[in-house]
Amino acid sequence: MVDVDNECYHCPSVHPGLTDLYGRSYEEGPWIEGTHRIRGPFNEKPSRRDLNKDYRNLVSQHPEPFNSMPQAWLYIGLFPVSVLVFYPESAGFYRSIPIDVQTSVMTGATYSYSGESESMQLARAQAALIDGEVMIEDKHVCELHYQATASKYWEKGFLGDSEKALREHHDMLRTLIPELNSSAPS
Ligand SMILES: [Fe+2]
């Protein structure tokens with residue numbers, strides 16, 4: 001689940017709503033001290049989805065200084081389970097807590113800024129709807145991933161070029177826990 005969630009190379013194909021919100025101009029990669037950063041500036045073109053249109057219309061009404069803040073969604077991944085989230089009208093976090101190999105529980109919170117405007121309050125509610133869609137899409141991808149790895153045709157392989165942050169995290173774990181360098185059970 002963390003593998004699916006923490007790097008957004010899957011976003012263009014899995015999250016059409018997010019792609020409509022910030023287009024393909026998002027940038028991501030390993031960041032400071034083993035963290036991973038995803039930054040999605042809003043699409044330069046108008047969004048097509050009503051949910052995103054309404055959200056961006058609200059964001060444009062935010063008072064200063066929020067109106068001058070970057071028009072973007074920013075995520076900072078703290079491997080292995082936590083993500084910090086910064087939107088123009090809120091800040092928050094979420095965590096994926098593994099229960100067993102196929103089940104995780106997500107917890108998190110979104111915080112408003114003190115003295116928020118009505119547009120900021122409404123935008124937080126709208127962003128929660130967008131995030132709700134993303135959550136359902138990610139859940140579906142996790143199910144497909146489990147089906148794929150359970151297939152007899154699944155072959156173990158190296159991480160792809162897009163999985164830099166995950167690879168860095170695995171490398172760090174192998175440094176901290178030398179036993180992980182051995183593929184044979186001891
Ligand atoms: Fe996702």
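Mentor: Two strands pair if DSSP finds at least two bridges between them. Keep in mind that this model is predicted.

Trainee: How many bridges join S1 to strand S2, and how do the two run?

Mentor: Four bridges join them, and S1 and S2 (residues 35-41) run antiparallel.

Trainee: What is the strand order of the open sheet?

Mentor: Read it as S1-S2-S3-S4-S5-S6, six strands with antiparallel pairing. Strand S1 (27-30) and strand S6 (103-112) are the edges, each pairing on one side only. On average, neighbouring strands are turned by 15 degrees against each other, direction ignored.

Trainee: Which strands do the helices H5 and H6 lie across?

Mentor: Helix H5 (residues 118-150) lies across strand S4 (82-87), strand S5 (90-100) and S6. Its direction is at about 170 degrees to S6. H6 lies across S1, S2 and strand S3 (72-78), at about 15 degrees to S1.

Trainee: How do I read the faces of a helix?

Mentor: Start with the turn. An α-helix has 3.6 residues a turn, so residues three or four places apart point the same way. Now take H6. Its buried residues are Ala 165, Leu 166 and His 169. They cover an arc of only 100 degrees around the axis, which puts them on the same side of H6.

Trainee: Which exposed residues does the face turned away from that buried side carry?

Mentor: Asp 171 and Thr 175.

Trainee: What span should H6 have?

Mentor: Count 1.5 Å a residue. The 13 residues of H6 (164-176) should therefore span 18 Å, and the end C-alpha atoms are 18 Å apart, which agrees.

How values were computed:
Residues are numbered from 1 along each chain as its sequence is written. This is a predicted model: local features need pLDDT of at least 70, side-chain atom pairs count only at pLDDT 80 or more; totals for chains, interfaces and linings use all residues. The expected span of a helix is 1.5 Å times one less than its number of residues. A residue is buried if 20 or more other C-beta atoms lie within 10 Å of its own, exposed if 12 or fewer, and partly exposed in between; C-beta atoms are placed from the backbone. The arc is that of the directions from the helix axis to the C-beta atoms. Axes are lines fitted to C-alpha atoms, for helices over the stretch in contact, and angles run from 0 to 180 degrees between N-to-C directions. Two residues are in contact if their C-beta atoms, placed from the backbone, lie within 7 Å.
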